[in-house]
Amino acid sequence: MIDRIMANLIVLYILVILAMIVIGRESFDTRDAEINRLLKKLNKPFLKSIKSPDGDIIDCVHMKNHPIYDHPLFKNHTIQMRPTSYPEGWSNKDSDNEKHNMVTQLWTINGKCPKNSIPIRRTRKEDILRAKSIERFGKKDPNNIHQHKPTNPTNDGVHEYATLKLEVNSPRAKFYGTQTFINVWKPYVQNRAEFSLSQVWMSAGSYNTQLETIEAGWQVLTALYNDTNPRYFVYWTNDSYIQHGCYNTICPGFVLVNQAFALGAAIPEVSIRDGLQYEIFTSIWKDRSSGNWWLRFGTHVIVGYWPSSLFNRLRIGATEVEWGGEIVNLKENNQHTSTQMGSGSFAINGYRKASYFRNIFVIDENNITKQPVGPSTFVSEESCYDIRYHRTEQVWGSFFYYGGPGRSPFCN
């Protein structure tokens, strides 16, 4: 009798194991199918494929297959190839990508995209597998800057900042853009799931009332790019980072129009401590005619735009502009991360040691470019990262140094 019971239990155990194997296999197959569907959606048919010396593959995608057409609001969108207006006093000479393109990218050494096509960095299967989930691939975590001290920190770590912020001084006032030079470094990032970035934010609303942002700058994000190089990026959200929005063109939103500039491409030259300093001249402005928000890197390189109709509040204008650094702290072993912000040096160390933003300007609702008046600074953890703002009548105008090393005897 006992032998029969034992035999039945063994059979039952084997059946359970087999069922778990079958379910696991089905789950794996389902996930694999989802990844393949996403890859097919992201990697459009291309006219030409270019292998970059840094390992990236750049696909030249015809404008008729532009990612923006995947968005339900933009199925019949007419792509605006050039801005129709600029802030007063700005140059209206767009890049012709031959004579004036001062922003070089490594992949262009091995070729260029044909006319009427745009370069898109190819997404690989392993890129998606590194993400927290398929759904969150290419997205920031909702635990973001505009909460500053989040009430419910997630297992994805805490976002920490050293930023300069300017808010409108009346309910009717709006910002129509900003421009600045962003110093470029290659900060150490401790964990591949962490990141370090330096960027500009333009936003409207609040985290609790559907925050809308457009963002641009450089970042080190191994989970997305599989290396530790600083890379150009853009971002947007219209729902407080919860569901809508993404980096670059991973979801439809930002409209890339430059055939010689790939979003997510590595920045080939970075600053050296006590040596040469490299920086990105970054401009964002609202086209008064179309309402679209345009992005320019360098003096003449028109990258593309965020369509005005992506947003409700930003359609009218921004109510806040922010400049600075952000890192993610996963708190491994219950210690603060050693991920660096900026150059990894504190602001007090100054030029050629600490990272900086210089010649900071905003564009007001009258399309006038001016220095920020009455900005405030914010630092999440002053013992880990810091910021020092200055305003002078000298060459740098409004500027600040920022950053830090992360974990140290004072930051743990």
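The structure described here is a predicted model. Within it, Thr180 belongs to strand E5, which covers residues 175-184. A polar atom of the Thr180 side chain is placed 2.9 Å from the backbone oxygen of Arg358. When neighbours within four places in sequence are left aside, the residues in contact with Thr180 include Phe357, Arg358, Asn359 and Ile360. Ile280, Phe281 and Thr282 are also among the contacts of Thr180, as are Val200 and Trp323.

In soluble globular proteins, nonpolar side chains tend to be buried together.

Strand E4 spans residues 158-167, and nine of its ten residues are buried, so this strand is largely enclosed by the rest of the structure. Strands of a sheet pair through backbone hydrogen bonds, in either a parallel or an antiparallel arrangement. E4 pairs with strand E14 (residues 320-329), to which it is joined by ten bridges, and the two strands run antiparallel. Within this pairing, Glu160 has Ile327 of E14 as its bridge partner. E4 is also paired with strand E17 (residues 376-379), again in the antiparallel sense, over four bridges. Here, Thr163 is found opposite Phe378 of E17.

A further arrangement involves strands E1, E2 and E3. These three strands form an open sheet in the order E1-E2-E3, with antiparallel pairing. Strand E1 (48-51) and strand E3 (117-121) are the edge strands, each pairing on one side only. On average, neighbouring strands of this sheet are turned by 25 degrees against each other when direction is ignored. Strand E2 (residues 57-62) is joined to E3 by five bridges, and the two strands run antiparallel. One of the residues in this pairing is Val61, whose bridge partner in E3 is Ile118. In a regular strand, the side chains alternate between the two faces of the sheet.

Conventions. Residues are numbered from 1 along each chain as its sequence is written. This is a predicted model: local features need pLDDT of at least 70, side-chain atom pairs count only at pLDDT 80 or more; totals for chains, interfaces and linings use all residues. Side-chain values use heavy atoms; hydrogens and water are left out. Buried means under 20% relative accessible area, exposed over 50%, partly exposed in between (1.4 Å probe, protein chains only). Two strands pair if DSSP finds at least two bridges between them. A polar contact is a pair of N or O atoms within 3.5 Å; within protein, one must be able to donate a hydrogen and the other to accept it, and residues adjacent in sequence count only if both atoms are side-chain atoms. Contact means heavy atoms within 4.5 Å. Axes are lines fitted to C-alpha atoms, for helices over the stretch in contact, and angles run from 0 to 180 degrees between N-to-C directions.
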